[in-house]
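Please study the sequence and the model before reading each solution.

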Amino acid sequence: MSNVRPETMERITTPELAAAFIEEQVKEVRAQVGDKKVLLALSGGVDSSVVAALLIKAIGRQLVCVHVNHGLMRKGESEQVIEIFRNQLDANLIYVDATDRFLDLLAGVSDPESKRKIIGKEFIEVFADEARKLDGVEFLAQGTIYPDILESIKQAEGKKAVKSHHNVGGLPEDLKFELVEPLKLLFKDEVRVVGEALGLPHAMVYRQPFPGPGLGVRCLGAITRDRLHALREADAILREEFAVCGLAEKVWQYFVVIPDIKSVGVKDDSRYEGWPAILRAVNTKDAMTATIEEIPYAVLHKITARITSEVEGINRVLMDLTPKPTGTIEWE
């Protein structure tokens, strides 16, 4: 399959078109792979999840999925990956809990770019370690989608690109695989239609964007386990309340950040020093600019009450009202 999307290619907007696409890709994958094994880094994000479901349909347990929990996932995400892919889809899934490995390396590191590099490098090393343990794997599946291709083309032409197209890229030279990229001519909205046609849960298919370093760039400054735990719990409350009031699919991205600062508060009639939880909710079409979603005060009051009463270590809740520009979507 070419890396250029044909102008005549019909956009996948209906279950019927998605079914036809799935049938075509199943045939192509079977022809490409034969009886060999395929390796996939399954993050739980939309693209890798849809690729996994498609390849399971095509080649079953010839697909080996590796899910690396770096300890920076949102609450319940790794458990969801295991439940859906291992227990419901009977995937050949390897689960690696590398929490201690990542958090030990990140201890005391406060610079955002240093944190990103440590997380990215260590993820590749953990994935490569698991790949070396396997026999008969000749293919590497990736959740490449068409915007990745377009950004690579821009970069190759010397234009300024948002990011390079690498996905799981950067693997050691001794891991030589042929690529399997069944979604590489699709846009994100088409990937979601295909995901639902494959029977993946709506919440997984419409999972909001989540940075590769995960909560590592929302636990501002040097990451500590107690502050990371507070962040994970506060973020879960925000997501629960947005789902209840109908904002979950109205807002493009919403999350909590917790800076490494404390303020004085009161709890049980005593002085209580705690961190602030900062809420952010933005809408965007291209991630180059972003506007702020207006959240009803009643919802904010409920979220504030729950976070400050249920999450140990947090004594204030703030709202970030800065659009992009001047702010970026993420804080780090």
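**Exercise 1.** Determine how helix α9 and helix α10 are oriented to each other.

*Solution.* Step 1: in this predicted model, where local features need pLDDT of at least 70, side-chain atom pairs count only at pLDDT 80 or more and totals for chains, interfaces and linings use all residues, the axes of α9 (residues 225-244) and α10 (residues 297-310) come within 10 Å and cross at roughly 150°. Residues are numbered from 1 along each chain as its sequence is written, and side-chain values use heavy atoms, without hydrogens and water.

Step 1: angles over 145 degrees count as roughly antiparallel, under 35 as roughly parallel, 65 to 115 as roughly perpendicular and the rest as oblique. Therefore α9 and α10 are roughly antiparallel to each other.

Step 2: α9 contributes Ala234, Ile237, Leu238, Glu240, Glu241 and Phe242 to the contact (heavy atoms within 4.5 Å), and α10 contributes Lys302, Ile303, Arg306, Ile307 and Glu310. By class, the residues of this contact of α9 with α10 are six nonpolar, no polar and five charged.

**Exercise 2.** Determine the orientation of helix α2 to helix α7 and name the residues that meet.

*Solution.* Step 1: the axes of α2 (residues 46-59) and α7 (residues 188-197) come within 10 Å, crossing at roughly 40°. This angle makes α2 oblique to α7.

Step 1: from α2, Val46, Asp47 and Val50 meet Lys188, Val191, Arg192, Val194 and Gly195 of α7. The residues of the contact of α2 with α7 comprise four nonpolar, one polar and three charged.

Technical notes:
Axes fitted to C-alpha atoms, helices over the stretch in contact; angles between N-to-C directions. Helix = DSSP H or I, 4+ residues; strand = E, 2+ residues; numbered from the N terminus. Nonpolar A, V, L, I, M, F, W, Y, C, P; charged D, E, K, R; others polar.
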